[in-house]
Amino acid sequence: MTKVLLQGGTLVDATGIRSGLDVLIDNSEIVEIAPNISPPRGARLIDCDGCMISPGLVDLHTHLREPGNEEAETIESGTRAAVAGGYTAVVCMPNTEPPIDNATAVRDILAMSKDALCAVIPAGTITVGREGERLSPMVEMNACGVRLFTDDGRGVQSASVMRRALEYASALGATIAQHCEMEDLAANTVMNEGYLSSVMGVQGAPNCAEELMLERDLELAALCGARIHFMHLSTHGSVELVRRAKLAGMQVTAEVTPHHISLTDDMLSEYNPIYKVNPPLRTRKDITALIRALSDGTIDAIATDHAPHVRESKELPLDQAPPGMIGLETALAVAITVLKDNSGEVGTGRKDASENGRSGNNRSGRTYSTKSNSVKSEYGNSGSAGGGRANNSYSEHLTIDPSVLQYSMNMVDIIAAMSWKPAAIAGLDVASGGRHGGPIVPGAPANLTVFDPSADWRVDAPRLLSKSGNSPFDGLSLTGKVRHTIYEGEPVYLDGRATK
Amino acid sequence: MSLLQNALVSIGDLDNDDIGHIMKLSAIFSEVLRRDIPKVPTLRGKTMAMVFSEDSTRTRTSFEIAAKKLSMDILSLNSSQSSMKKGESLKDTLANLHAIGADGFVIRHSSSGVPTQASTWMTVPVINAGDGCHEHPTQALLDCYTLIERFDTPSNHTTDNAILNCFNGMTVTIVGDVEHSRVARSLVIMLDMLGAKTTLCGPRTLMPRHVDKWPVRVSYHLDEVLPETQVCYILRLQNERGSGTYLPSIREYAMNWGIDSKRASLLPETAVIMHPGPINRGVELAGEIADSSRSLILNQASNGVAVRMAVIYLLLANPGDITEV
């Protein structure tokens, strides 16, 4: 393998921000970090001017669909999408067909992803067949490298099964990751339960369908002294429960998706199944709480819940279409667009919120404005979801509510939520013997992401590398573009192209 | 004319002027239907595709007759006999019907939102004939026409939309399974637009959640609201949508929210009874009330044809065709 020299970037990792440094990589390892390193003979030079170099991003929540639904995504296409999004490691969900509920299935995934563009770490199911009844052979799967167990797509409904799972996994040092959804309350629902679902005449899922299970599982985790990870939080109530548990000293972690911090349920007003996702898009109040929780550390990680679906399945009636959105290639940009404190220099930390974005002082020219198609509060004022069908209802830029600006984050905190914190949750960080999440120091594994934090680009779903195009951000402009991804010393994504 | 560019999927697609215009056109078509030869050549050569993925008697026949009275050809499809059963997507089915020659679509579907989705897929007009629990806009329009027939005083017509004046302050009580009712959703929007005062009444389990944000009053006690009700609009208890599990028993429902003679006597003398059909006699409505002189139920059914002619005409006719009527 040739040497690779990243020239002139700004480093961002858990130690903070360092500007004007080159990074020399040799054979999957970082060997030197210094200003103006003279290129060794034959080294591959990668221009990082104006870009930030961070530890490779780590996704806790990717659906690669292989085996079983290769029409929507494969390990190959999904990892190409991952590196295009700056990820060097993805934890793939076990709800494949057949599910990853035994060691053979784990070994199959690992064998199939041997040549993938980034690390693929399978999660195993909690219960056999994700049926919520018998525990999966976690010890055997753990021996194959599985650190995270989840029945994702479903929550474990039975409290006694969940208790056993927490006890069993905690003895292995593995983590149970719960998809919180009381099926009793949420069965057959297609969106958030609210005013909009009531006028649209569709079944909505109330916030408490998520919160009741989360609250139950906190009690169970406390009972067992086990650690627990909560996936894709979507409600302000969930945030409060996790906050209280953390204050009480529990070993609890949580993730949120890019779409749950950026989109509200009014995206569903035209019954477009692209916006159907589980848990559903909620309200501004929930978004504000989720963003606040990210900025104060209550929520640890941003995870994509990348869920590819073939086009036909998203052209079904809303109640028949499967839930899910792709997200690997837009996650970092959505996070930067929604969360980045842009009032000062890169990485200088939080500024007074009242300054933020109000006076047009953001360098990238983003528009922070109230969404034009805000939730209709007047019944009949085409709040019936009828109006404006033929037009795209969203504005050109992804816009956010000004009220969340006070919770904007610096770049270190944003990358923390996308790299080293999820790496630690999944046991992939250096401290756990893994190779992800940094820090960027000589001798560390060369898993790195190079991105331009201020580049604006427009999402064009058909051109994304995922095999499926079900992106809710299609057509929107976002800020922050991944330029290059280095996996184990190799540039696997370079100037907008995956190298395999 | 601003109205009905390409679809009627929600009554909220219309404004008061649009509704007034549709009412006047409906009156014209109503006159046509009383002629010796009750048919006009207006839309001859055009084809209406009727796509019904759910059982329907009156809506389907009403639309078919309306299209035929406008001299249209009918392309009829229901899902049980179509290729949708063989796994073809609805979008493909519609695209193929359009390719075969459909100039417009009347769509009934058991899933909310399908006509909305179809209107984004298709370049030709789409009319919602009832979608899931969402809306049934032509039902609201024919109810509007039926109420005008009963309550309008034509001598008062001084302004353009005076035909709608009778709705100002009209007290309408919608009784029953509002949660599952597309009729109620269209009616509530329309009655609010027209200035009527709407009360929803039924067991709380059959009221939509967040109904507090709707422009209505909600009551759980029918006997209290009937004395101040001018229009008592009764909804069908939709057992096929699982309403039964929302209630202790049909008997308890009938006892508390069914309209029998005793309850009907609480209504003011001039009050009318309406029902979108089909009726579960003896459950939500006693047979003798359905057949009484204050019932407008059959007027609703017959007015459906003229109103649907007006809607089809507005969506499919070329400007100037009105002269042929």
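**Exercise 1.** Find how far apart the centres of domain 1 and domain 2 of chain B are, taken over C-alpha atoms, and describe the side of domain 1 that touches domain 2.

*Solution.* The centres of the two domains of chain B are separated by 25 Å, taken over C-alpha atoms. This is a predicted model, in which local features need pLDDT of at least 70, side-chain atom pairs count only at pLDDT 80 or more, and totals for chains, interfaces and linings use all residues. Residues are numbered from 1 along each chain as its sequence is written, and chains are lettered from A and ligands numbered from 1 in the order in which they are written.

Step 1. Take the bounds, which come from an automatic or database domain assignment: domain 1 of chain B is 7-136 + 304-324 and domain 2 is 137-301.

Step 2. Count the contact (C-beta atoms, placed from the backbone, within 7 Å): 26 residues come from domain 1 of chain B and 26 residues from domain 2 of chain B.

Step 3. On the domain 1 side, α1 (16-33), β5 (126-131) and α11 (297-316) of chain B each supply at least two residues. Helices (H or I, at least four residues) and strands (E, at least two) are DSSP runs, numbered from the N terminus. The largest share, eight residues, belongs to α1(B).

**Exercise 2.** Give the strand order of the open sheet in chain B and locate its edges.

*Solution.* Step 1. The order of the five strands is β1-β5-β4-β2-β3 (chain B), with parallel pairing; strands pair if DSSP finds at least two bridges between them.

Step 2. β1 (7-8) and β3 (73-78) of chain B each have a single partner strand, so they stand at the edges.

Step 3. Between β2 (residues 47-52) and β4 (residues 104-109) of chain B there are five bridges; Met50(B) has Val106(B) in β4(B) as its bridge partner.

Methods:
Two residues are in contact if their C-beta atoms, placed from the backbone, lie within 7 Å. Ala, Val, Leu, Ile, Met, Phe, Trp, Tyr, Cys and Pro count as nonpolar, Asp, Glu, Lys and Arg as charged, and the others, Gly among them, as polar.
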